[in-house]
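Here are my notes, as promised. Have the structure open beside them while you read.

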Amino acid sequence: MASLSRTKPLSICIMRCAELIHHLDGIPQFQHLQQQAKALLSSLMSMLRAVRPNDLDQRQPDPTYSPGLSLLAAYLNELKKTCGYYGTTAQTEWKISDDERAFVLVEVGDPFKRLAGVLSELAHSLQAIIDDGQAHYHTRIQRLCEWAESIFEGWNFFQGEFEAAKTLAAAFSPESEGLSTTDTFITADECGDNYSDKVPQDFEPQQVSVWNEIGEQLAQEGIKDDAIDKVADDLKDCARSLVRGERPKFGTNERQSPEPTSKQTKTSRSGEVTISNASADPSAKKAVARAGVKLKGGAKLRAAESDSEDWFNRDFVSSKVTTVLDKIKRNFDLYLPELLVVAFKQQTENDNRNFSQVLDLIKTIACHDPDRARLCARLAKEIQASTPATIQTIIANKLHGTKFEGEGPVAGYLLDMCARDWDDGKNGRPSISAENFAFGLSRFVAELVKFGVFKTEHVHAFVRAQWGPTLNRSQFMAVYKLLRVTGPMLDSQSDTSDMEDHFKRIAGLVNKNKTPEPVKSLGQELLSLRSSGWKSKQTREMDRVEEAIRKKN
């Protein structure tokens, strides 16, 4: 539905969880998984009631808008689809029979057992934070932000579990032959609306039944009309209709089942999609090809999905971006167009939501995983080089009058975001952990400089921003990482006066009696690196300090 693009990620998680519960209903083999999904739904609703936006500090982030929750919504949506391969009501390209499902999940092995365990852990850890009556409200908000951020740590686990479950189901389904089971975190609507040649006569009654059952399950969980006060307005009416036993109405944006024409997507009896007429769109062509689409008579593709409201759904965008980021390291040039298509989608000429969300996700992933900082910086460079004029104008207008006015669209946006996180890390604010600040953000900024997105003058500004009366080891580790990566480039400039100033300060810290020993050791390492032409290797001292910071957090 179009309204989801303006809905907070927590609300989307709640709806995705309710949909999953519905699709698992009445299937004995999924009873345990359904119970854990219900527990998670209950905890998410508790979080919705616990967060009071009006009571948040001005600089305190709202955990209900955390990117981690967008990723959780994508996990839940993909879990629903994965279960669909085992014969639930979720729409999939193929399914195994009920008898085969019972045999696979009982006799062969249950690939959903560990997934149920993780849902249980998420539910219990979230509920424990909410029920901690001894903690101050703002402390609980900080812990909720950290809980949401921890969702990113499950990326590899969920990807592997979904792939294993699909592969196991495919082994027992002849209809799956020739169709890929390796692409994960792709929402069910990725390739637009895929309708069969004949719309089933009982389609409407089935759809009404779905909404009724979801509404009953929400009500059973204690989610009544008064529990929906904090849901975004555009989702509020939908949720209220459900718990009252009514079918929600989405106005003119609700999907209908159109009469199939020669130019529309069709699904054959075996589940293979065919397109008979379309316009050339390279990214759409790849997306359709991945879904098993066959072309008739060499006709060009028309990207019907480009008009789909899902392109502006936050969890859909999150799903697309995280999927591409996982695949792109294998073949950068092949998968880059997919990311660019998502980033540059606009509903109106003044719309830059997807562009901003893609950059936010790239920055967040780089901060959480320093090993991917170089890849994320390279993507930022490619996005900046290809940004359409309409989006360039939008970003330029937003940066007008700021200190980043005149920068490129990606550079200006990321400079603003990174500068805020850099300051929050310096002051120990909860929006970024000490580990992500010291290791991830510093590495990302450094790689952006190396790829030419940021300028060398920006490095000096970031370094100077950390100097003060005191300097803790997280701050100095961030400075160390930034200078260690960019030092050779900065010293190759004709004007090295800024570098001389930085290293004069570092030498002063090393010689100061009150400076903590870890900071002294890292400072001496930087001095040695520079004097040796930046050719020395990492020392054990740095490893020791890194480990200390990780343990602290």
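1. A definition to start with: buried means under 20% relative accessible area, exposed over 50%, and partly exposed in between (1.4 Å probe, protein chains only). By that cut-off, Tyr-86 and Phe-112 are both buried.

2. On provenance: this is a predicted model, where local features need pLDDT of at least 70 and side-chain atom pairs count only at pLDDT 80 or more, while totals for chains, interfaces and linings use all residues. Numbering runs from 1 along each chain as its sequence is written, and side-chain values use heavy atoms, with hydrogens and water left out.

3. Confidence next. pLDDT is the predictor's confidence in each residue, from 0 to 100; its mean for the protein is 75, with 71% of residues reaching 70 or more. Residues 181–208 have pLDDT below 50, yet beyond near neighbours in sequence this stretch has 71 contacts in the model (heavy atoms within 4.5 Å). Residues 247–308 are also below 50, with 119 such contacts.

4. The overall picture: 22 helices and four strands, taken as DSSP runs (H or I, at least four residues, for helices; E, at least two, for strands) and numbered from the N terminus. Of the 553 residues, 52% count as buried. Among contacts with a separation of 6 or more, 71% are between residues 24 or more positions apart.

5. Now the rings. Rings of Phe, Tyr and Trp (its six-membered ring) pair if their centres lie within 6.5 Å; planes under 30 degrees apart are stacked, over 60 edge-to-face, and the rest tilted. The structure holds 10 aromatic pairs. One of them, Tyr-85 with Trp-94, is tilted, at 4.5 Å centre to centre and 40 degrees between the planes. Tyr-85 is buried at 3% relative accessible area, and Trp-94 is buried at 3%.

6. Back to Tyr-86 and Phe-112: their ring centres are 5.2 Å apart and the planes at 80 degrees, so this pair is edge-to-face. Tyr-86 lies in the loop between helix H3 (67–84) and helix H4 (98–108), and Phe-112 in the loop between H4 and helix H5 (113–131), so the pair ties together parts 26 residues apart in sequence.

7. Have a look at the cluster as well: ring pairs link Tyr-75, Phe-157, Phe-158 and Phe-162.

8. Last, charges over rings (NZ of Lys or CZ of Arg within 6 Å of the ring centre and within 35 degrees of the ring normal). The charged end of Arg-52 sits over the Tyr-137 ring, 4.0 Å from its centre. Over the ring of Phe-332 sits the charged end of Arg-378, 3.6 Å from the centre.
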